Amino acid sequence: MKPTRKDSGQKTGKAGTILQQLARSPEKLFSGSFRQQIAALCFRRVKGSRDIQILVVTSRESGRWVIPKGWPMKRKKPYEAAAIEAWQEAGVRGKVRKKPVGSYTYLKSLDDGDVVPCVVDIFQIEVDEIAEDFKERGERILAWVSPDEAARRVREIELKSLLVEFVPR
């Protein structure tokens with residue numbers, strides 16, 4: 001027996017609703033009006049090895065794996081905002097590179113239900129401090145993983161490539 005849906009307007013999950021919304025208004029992807037965000041690629045060196053581990057965190061809304069990211073901040077340079085995001089979302093601090101190590105694009109679902117394309121500039125942070133208590137503690141899961149595992153966990157294709165190929169600068 002084939003399952004039926006009671007309400008044809010029922011949501012089929014976050015990804016389904018994003019794609020459905022874009023299908024109704026594809027000009028959002030082609031209007032050139034991408035929003036800017038910043039992200040922190042936080043890493044640490046494995047003692048006694050040349051290997052590194054990358055920090056991934058879960059998003060608060062969907063629980064999917066991401067790297068710390070957010071919107072630009074007034075009176076803060078982009079790399080400073082990335083460092084603040086890393087501290088608030090994961091309780092980590094360290095040496096921040098002032099120039100982006102890459103970027104990726106994705107579709108952001110806003111609180112009002114709208115969907116906007118975003119370009120995210122990524123700033124590397126070599127972590128030297130990990131706090132037990134931080135602003136979003138308990139709201140996210142944190143994991144230190146290999147670059148390959150980080151790439152497996154995140155959804156965005158461009159970010160996957162950047163994580164696999166990441167070499168600290």
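User: Among contacts in the protein between residues at least 6 apart in sequence, what share joins residues at least 24 apart?

Analyst: The model is a predicted one. Contacts between residues at least 6 apart in sequence form the set considered here, and the part of that set joining residues at least 24 apart is 69%.

User: What pattern do the helices and strands follow along the sequence?

Analyst: The protein has five helices and eight strands. Read along the sequence, their pattern is α-α-β-β-β-β-α-β-β-β-β-α-α.

User: Does the span between the end C-alpha atoms of α3 agree or disagree with what its 13 residues should give, and what is that span?

Analyst: The expected span follows from 1.5 Å a residue, taken times one less than the number of residues. For the 13 residues of α3 this gives 18 Å, which agrees with the distance between its end C-alpha atoms, 18 Å.

User: Where on α3 do its buried residues fall, seen down the axis?

Analyst: The buried residues of α3 are Y79, A81, A82, E85, A86, E89 and A90. Seen down the helix axis, they fall within an arc of 155°, so they line one face of the helix. Their cover includes β1 (35-45), β2 (52-58), β4, β5 (92-96), β7 (115-130) and β8 (142-145). The place asked for is therefore one face of α3.

User: Is R75 buried or exposed?

Analyst: R75 lies in the loop between β4 (69-70) and α3 (78-90), and its phi is positive, near 60°, though the residue is not glycine. Exposed means over 50% relative accessible area. Because its relative accessibility is 80%, R75 counts as exposed.

Terms used. Residues are numbered from 1 along each chain as its sequence is written. This is a predicted model: local features need pLDDT of at least 70, side-chain atom pairs count only at pLDDT 80 or more; totals for chains, interfaces and linings use all residues. Side-chain values use heavy atoms; hydrogens and water are left out. Helices (H or I, at least four residues) and strands (E, at least two) are DSSP runs, numbered from the N terminus. Contact means heavy atoms within 4.5 Å. Buried means under 20% relative accessible area, exposed over 50%, partly exposed in between (1.4 Å probe, protein chains only). The arc is that of the directions from the helix axis to the C-beta atoms.
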